[in-house]
Amino acid sequence: MNTWIKCLTRLITLPLLASSIAMAQAAETEALARDVLYWYDPMYPQQKFDKPGKSPFMDMDLVPRYAEEGGDAASVRIAPGITQNLGMRVATVRRKTISQSVDAVGVLAFDARDVAVVQARSDGFVERVYARAPQDVIAKGAPLADLLIPQWSAAQAEFLVLRGLQEPELLAAARQRLRLAGMPAELIARVERSGQVQTVWTVTSPISGVLQALSVREGMTLAAGMSLAQVNGLDPVWLEVAVPEAQAGALRQGQRVQARLPAFPGKPVEGLIQAVLPQADVQSRTVQVRVELPNPEQRLRPGMTAEVTLSSDEQSVLVVPSEAVIRTGKRTLVMVAESDGRYRPVAVRIGQEAERDTVVTDGLEEGQMVVASGQFLLDSEASLRGIIAADTPQPTAARPPALHEAEGTIVGIDDGMIELAHGPFKSLGMPGMTMPFPVGDPALLTQVKAGERVRVGVSQRDDGLFIERVERLDEQAGPGGHEQ
């Protein structure tokens, strides 16, 4: 009975075994007949091998990448029928003229450069104070106070005597002494016209604006240099606007601004950016922008609020539809559509969004075609095939990649790679294991040998982990091996 069972088992097993062998031979024949570019592990597609075999990462066979699949061209080829079924849509990289606008809220303030301070020019007394009070709006030349300056009397009398002598040089010297005594030019002219000593000087406002301070009262005694009044001009006024720092980079001095005040609905006021202040507010993360607004009718009063639209100058930029942009977290990609149904991932740098478009500052050229719908499926397919987007040029001041450290023992060095039995990379959350690592600098391969205990620093790139630094450890630091 057992003999019959064995015979029956062989009858069933042998055909299956023969079929498996035939299928393996057919696959090998097909692989030999087609041009194989390299072999790879689908779970770790960035690593390429020049011959078939078992994957060093997973318990599975390596898979061939054929030339007609476009592996070396860093592109994915999709049949037209599949493209239509996926509903993929392409768009053209085009040039567009944009002007960035920032909406914010501002508060009107006095122009701190349009300030006049009135002082006593000599010792004296206050004879009269005109009916003025702080916050009054006054015109240029408006009288503020009458001052009695006794010491000017003797200098004026001497000047009048010399004027009668008809000596031009002596008269010029006397006039200069009056100026040095602090007498204003208009008072000297009045003395010369009237021929009489002028003992009272009427102090007037040198500009029109708001009387901020009036520090005189009738009967006061004055000392030279004492402040009598301060006047702030009202034309123009400043509009101080807090702009988020992320939007302040495009603002420049001289750009136009439109302000809308609740006090004057339907009557926007046009102005210019007078300055973008150099210090940002740490708490609100805003940058203060100073706008200068004309105020000939003096309707705009400091303290009023305004809704502000700040517009940057128009500039011509490259744009793609915003839906075409793929943000991976580490970089930004688009899928470029090429001829013969090929699609290639390209890393780009992007700028601001303008309506439904996104500005591309680097990585694309005008006229290229990008995938605007279905690009995520293409990106996933490219990742499975180990196709990595080419990096855009990095700025000259780019920081070096961060290194993640672990200790381990070198198992072997082969084909430009170091096979390492390592402990955990704690900063990566990666447990200990044995695996090969490519090196960032081939010179590192000559500095170590198999069996040595080392500490390595690796960088994480888009195409895997690369050893950037190797340090030999003291032999007494402990036996080799890796932690699990």
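**Strands, a helix and a pocket**

Trainee: What stands opposite Val-118 in S15?

Mentor: Ala-229 does. Before going on: this is a predicted model, in which local features need pLDDT of at least 70 and side-chain atom pairs count only at pLDDT 80 or more, while totals for chains, interfaces and linings use all residues. Residues are numbered from 1 along each chain as its sequence is written, and side-chain values use heavy atoms, with hydrogens and water left out.

Trainee: How many bridges are there between S8 and S15?

Mentor: Five, with S8 and S15 (residues 227–232) paired in the antiparallel sense. Strands here are DSSP runs of E with at least two residues, helices are runs of H or I with at least four, and both are numbered from the N terminus. Two strands count as a pair if DSSP finds at least two bridges between them.

Trainee: Which strands form the open sheet, and in what order?

Mentor: Four strands do, in the order S8-S15-S13-S10, with antiparallel pairing. S8 (115–119) and S10 (137–138) are at the edges with a single partner strand each, so one side of each has no neighbour in the sheet.

Trainee: Where is Ala-120 found?

Mentor: Ala-120 is in the loop between S8 and S9 (124–129). Its relative accessibility is 4%, which counts as buried; the term means under 20% relative accessible area, against over 50% for exposed and partly exposed in between, using a 1.4 Å probe and protein chains only.

Trainee: What does Ala-120 touch, not counting residues up to four places away in sequence?

Mentor: Leu-222, Ala-223, Ala-224, Gly-225, Met-226 and Leu-228. Contact means heavy atoms within 4.5 Å.

Trainee: Switching to S19. Which strand does S18 pair with over six bridges?

Mentor: S19, in the antiparallel sense. Asp-281 has Thr-286 in S19 as its bridge partner, and Leu-272 has Glu-292. The hairpin of S18 and S19 has four residues between the strands, and Arg-285 in that hairpin takes a positive phi near 55°.

Trainee: And how many bridges join S16 to S19?

Mentor: Eight, with S16 (residues 237–244) and S19 running antiparallel.

Trainee: Why is S19 largely enclosed by the rest of the structure?

Mentor: Because six of its eight residues are buried. Arg-290 lies in S19 (residues 286–293), and Arg-290 is buried at a relative accessible area of 17%.

Trainee: What is Arg-290 in contact with, leaving aside neighbours within four places in sequence?

Mentor: Arg-113, Trp-238, Leu-239, Leu-272, Ile-273, Gln-274, Ala-275 and Leu-277. Trp-238 is 52 residues away along the chain, yet the two C-alpha atoms are separated by 6.4 Å.

Trainee: Gln-274, buried or exposed?

Mentor: Buried, at 13% relative accessibility. Gln-274 is in S18 and, beyond four places in sequence, contacts Arg-113, Gln-253, Arg-290, Val-291 and Glu-292.

Trainee: On to helices. Which residues are buried in H5?

Mentor: Leu-187, Ile-188 and Val-191 are buried in H5 (residues 185–194). They cover an arc of only 100° around the axis, so they are on the same side of H5; the arc is taken from the directions between the helix axis and the C-beta atoms.

Trainee: What do the buried residues of H5 pack against?

Mentor: H3 (151–164), H4 (168–180) and strand S12 (200–204). Just after H5, Gly-195 takes a positive phi of about 70°.

Trainee: Last topic. What volume does the second largest pocket have?

Mentor: About 430 Å³. A pocket is an open set of points on a 1 Å grid over the protein atoms alone, where a 1.4 Å probe fits, with protein on both sides within 12 Å along at least five of seven lines; lining residues have an atom within 4 Å of a point. Points are joined across faces, edges and corners, and the volume is the space filled by probe spheres set on them.

Trainee: Which residues lie nearest its centre?

Mentor: Phe-49, Pro-56, Asp-414, Asp-415 and Met-417, out of 20 lining residues. The elements giving two or more residues to that lining are S2 (44–49), S28 (403–414), S29 (417–422) and S30 (433–438).

Trainee: How many of the lining residues are charged?

Mentor: Seven, alongside eight nonpolar and five polar. Asp, Glu, Lys and Arg count as charged; Ala, Val, Leu, Ile, Met, Phe, Trp, Tyr, Cys and Pro as nonpolar; the others, Gly among them, as polar.
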